[in-house]
Amino acid sequence: MVSSPHDKLFKAVFSEPANAVAHFAVCLPPELVAALDLSKAQHVPGSWVDEALRDHHSDVAHSIPLRSTEAADGQTESVLLYQLWEHQSTVPPMMALRAHRYATRLLEEWSREHPTARKLPPVIVLVLYHGEEDWTAPDELEELFALERVSPAAREALRPFLPKQRYLLEVLPEDPAAVRSGRGVARITLLALKFGRSAELWTTIFTSEDDLRELLSNPEALLHLAALLVEYLLSVNPALTPDSL
């Protein structure tokens, strides 16, 4: 259940594959982007965020096929890109464990739907963070294990048996001009999430001329986004009024 203005805006925008891949094309490693057929991305319905965290987190998953790669049964292999948005101002020290748990839940669901499969699709967990403090949480699950007092030799002997999943972290910068994403809906949404609560910087969202110009070719999408942004800003920024907007 979407329960906050942040979640509502995020899911309304990034559940649309075109908006999601506009962001993936910028934030993912270029070698991976070149191997993906982003034009065939599909939204994966469902939620893998725990019930206890659903008031503070929003998740969106997409399945994106690799180019010219077929499995033994002739089906195209897929990379499942799982995007988790962290919208709290604090940094969760166990983010790597959360990401691992969410990815595992997604893979368990996939396995139930493909009972004869003998291989799993890779999952990339993306964490988009817009809090004020520096991000200090480990980005790899292996770093969370208590090995400080273990001898170096024992630590090396343990490493092969420890899970090593890493999440891809993107911290939205304090400079609006430095916010990376595909031009148009995706970047405007990130600007709103980062600066929408600021009494001074919220206007950045509507002065990003290149992004707004990108939307002029699709007036219906522009009006839909404008409605979402107005509703969002009035919900999260107490300094704004309908007249000021």
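This is a predicted model: local features need pLDDT of at least 70, side-chain atom pairs count only at pLDDT 80 or more; totals for chains, interfaces and linings use all residues.

Biologist: Got it. What percentage of the residues count as buried?
Modeller: Of the 245 residues in the protein, 42% count as buried.

Biologist: And how many helices and strands are there?
Modeller: There are eight helices and five strands. Along the sequence, they follow the pattern α-α-α-β-β-β-α-β-α-β-α-α-α.

Biologist: Where should I look for the largest nonpolar core, and which residues touch the most other members?
Modeller: That core has 26 residues, and the ones touching the most other members are Leu9, Val13, Leu190, Ile205, Leu225, Leu229 and Tyr232. At least two core residues come from each of helix H1 (5-14), helix H6 (185-195) and helix H8 (219-236). The largest share, eight residues, is supplied by H6.

Biologist: Let me zoom in on Leu229. Which residues does Leu229 touch, leaving out those up to four places away in sequence?
Modeller: Leu229 touches Leu9, Ile188, Ala192, Ile205 and Phe206. There is also a second, separate core of 20 residues, with Ala61, Met95, Val125 and Leu141 among them.

Biologist: Back to H6 for a moment. How do helix H2 and H6 pack, in angle and axis distance?
Modeller: Helix H2 (residues 17-27) packs against H6 at an angle of about 80°, and their axes are 8 Å apart. H2 is therefore roughly perpendicular to H6, since angles of 65 to 115 degrees count that way.

Biologist: Which residues meet there?
Modeller: From H2 you have Asn19, Ala22 and His23, and they meet Val185, Ala186 and Leu190 of H6. By class, that contact of H2 with H6 has four nonpolar residues, two polar ones and no charged ones.

Biologist: New topic: where is Asp134, in terms of strands and helices?
Modeller: Asp134 lies in the loop between strand E4 (123-129) and helix H5 (152-158).

Biologist: Is Asp134 buried or exposed?
Modeller: Asp134 is exposed, because its relative accessible area is 64% and exposed means over 50%. The C-alpha atom of Asp134 is 9.1 Å from that of Thr90, and these two residues are 44 residues apart along the chain.

Biologist: Last one: what share of contacts between residues at least 6 apart in sequence join residues at least 24 apart?
Modeller: In this protein, the share is 66%.

Definitions and conventions: Residues are numbered from 1 along each chain as its sequence is written. Side-chain values use heavy atoms; hydrogens and water are left out. A nonpolar core is a set of buried Ala, Val, Leu, Ile, Met, Phe, Trp, Tyr and Cys residues joined through side-chain atoms within 4.5 Å. Buried means under 20% relative accessible area, exposed over 50%, partly exposed in between (1.4 Å probe, protein chains only). Helices (H or I, at least four residues) and strands (E, at least two) are DSSP runs, numbered from the N terminus. Contact means heavy atoms within 4.5 Å. Axes are lines fitted to C-alpha atoms, for helices over the stretch in contact, and angles run from 0 to 180 degrees between N-to-C directions. Angles under 35 degrees count as roughly parallel, over 145 as roughly antiparallel, 65 to 115 as roughly perpendicular and the rest as oblique. Ala, Val, Leu, Ile, Met, Phe, Trp, Tyr, Cys and Pro count as nonpolar, Asp, Glu, Lys and Arg as charged, and the others, Gly among them, as polar.
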